[in-house]
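This report covers selected local features of one model. The structure comes first, then the terms, then the features.

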Amino acid sequence: MLILGIETSCDETAASVSYNGTTILSSVVSTQIEEHKKYGGVVPEIASRRHSENILGVVREALEKAEKTIDDMDAVAVTYAPGLIGALLVGVNFAKGLSMALGKPLIPVHHITGHIAANYIAHPELKPPYLCLVASGGHSHIIEVLSYTSFRVIGKTRDDAAGECFDKCARALGFPYPGGVHIDKASAYGNPDTYKLPVPRVAGSIYDFSFSGLKTAVINTVHNASQKGQEIRTNDMAASVQKTISDMLVSKTMLAARELGYKKIVLAGGVSANSGVRSTLTMACEKNGYELFMPPLSLCGDNAAMIACQGYYNYQAGITADEGLNATATLSVEKL
Ligand code: KG4
Ligand code: ZN
């Protein structure tokens with residue numbers, strides 16, 4: 001089955017052609033980062049306008065690279081939630097028009113399930129059930145993946161997402177948006193034990209995260225130093241931030257795996273590109289004897305190959321949409 005996948009939930013316009021979910025024939029990502037960088041973050045209206053301008057060209061390029069025509073497609077899969085509403089609507093309406101014109105099924109895909117599915121592309125042997133840590137710019141979840149299309153959230157962030165925390169700390173240190181990758185690079189030259197950063201206790205669920213205190217501590221430390229004319233050791237602070245976030249994410253995931261009896265752990269989302277998160281999780285899984293699956297760096301960030309892949313599993317489970325499909329800015333992964 002050939003699926004055209006479309007992703008426009010944030011600042012990447014992406015399209016991909018996949019065969020039976022896991023064989024990627026093409027994956028095109030047009031990023032708007034350079035434009036949003038000027039504003040220090042994504043400007044929703046600009047994102048929507050760029051998606052409108054780019055989507056046809058990106059889809060054409062994906063078909064050309066796959067050496068297929070639009071008529072060869074058996075279905076169209078599209079991210080419909082969660083994300084920036086104006087951005088999502090561009091992809092949803094484009095996919096709806098295509099599916100109606102072609103008379104082919106329309107498959108709605110939840111963005112987080114797409115990130116998780118990136119792992120099926122890289123690791124065809126991976127099968128549910130397993131425990132998944134999803135960390136991106138908008139989400140930080142510990143999820144029980146019960147089947148390809150059934151998910152239970154057991155932990156989530158109470159405030160900022162892990163990626164958001166990386167980006168805000170990076171901004172305080174003077175790095176451009178999106179700063180997560182700059183923290184990662186600077187960390188390589190820093191001592192993670194230089195700055196003691198707070199690890200909050202989260203009342204209620206033992207699996208929930210909170211990152212806003214960490215962000216505030218970094219911002220305050222940087223501002224206090226600058227007021228006193230002192231220098232912040234950027235590499236050391238970056239390494240301290242990366243270590244603190246990695247430890248928070250990994251310790252709760254290990255706790256959940258132990259309590260719930262999972263021996264198979266999966267990492268997903270944009271933050272899964274972080275070298276500290278990857279190495280901390282790798283060491284923890286080795287220590288506990290857990291099997292670990294991580295996406296390759298090429299599939300960590302937003303792309304449409306992961307959407308086409310999850311679209312395939314949704315279709316197999318009978319999850320399709322009609323012309324009434326709407327975009328939704330917030331939606332639990334449990335609701336799909
Ligand atoms: O999944 P994604 O591409 O978009 C959302 O669905 O949110 O994630 C983007 C997030 C950004 O916050 C970005 O800074 C972060 O992932 N990120 C990283 C790294 N690469 C991307 N954070 C830390 N280290 C990285 N190497
Ligand atoms: Zn994403």
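## Terms and basis

Buried means under 20% relative accessible area, exposed over 50%, and partly exposed in between (1.4 Å probe, protein chains only). Helices (H or I, at least four residues) and strands (E, at least two) are DSSP runs numbered from the N terminus.

The model is predicted: local features need pLDDT of at least 70, side-chain atom pairs count only at pLDDT 80 or more, and totals for chains, interfaces and linings use all residues. Residues are numbered from 1 along each chain as its sequence is written, chains are lettered from A and ligands numbered from 1 in the order in which they are written, and side-chain values use heavy atoms, with hydrogens and water left out.

## Helix α5

In α5 (residues 162-172) the buried residues are Ala162, Gly163, Cys165, Phe166, Cys169 and Ala170. They line one face of the helix, because they fall within an arc of 160° seen down its axis (the arc of the directions from the helix axis to the C-beta atoms). Gly174, with a positive phi near 90°, follows α5.

## Strand β4

Strand β4 (residues 75-81) has 7 of its 7 residues buried, so it is largely enclosed by the rest of the structure. Strands pair if DSSP finds at least two bridges between them. β4 pairs in the parallel sense with β1 (residues 2-7) over 4 bridges, and 5 bridges join β4 to the parallel strand β5 (residues 106-110).

His111 in helix α4 (residues 111-122) and Asp302 in the loop between β10 (291-293) and α10 (305-316) are 191 residues apart.
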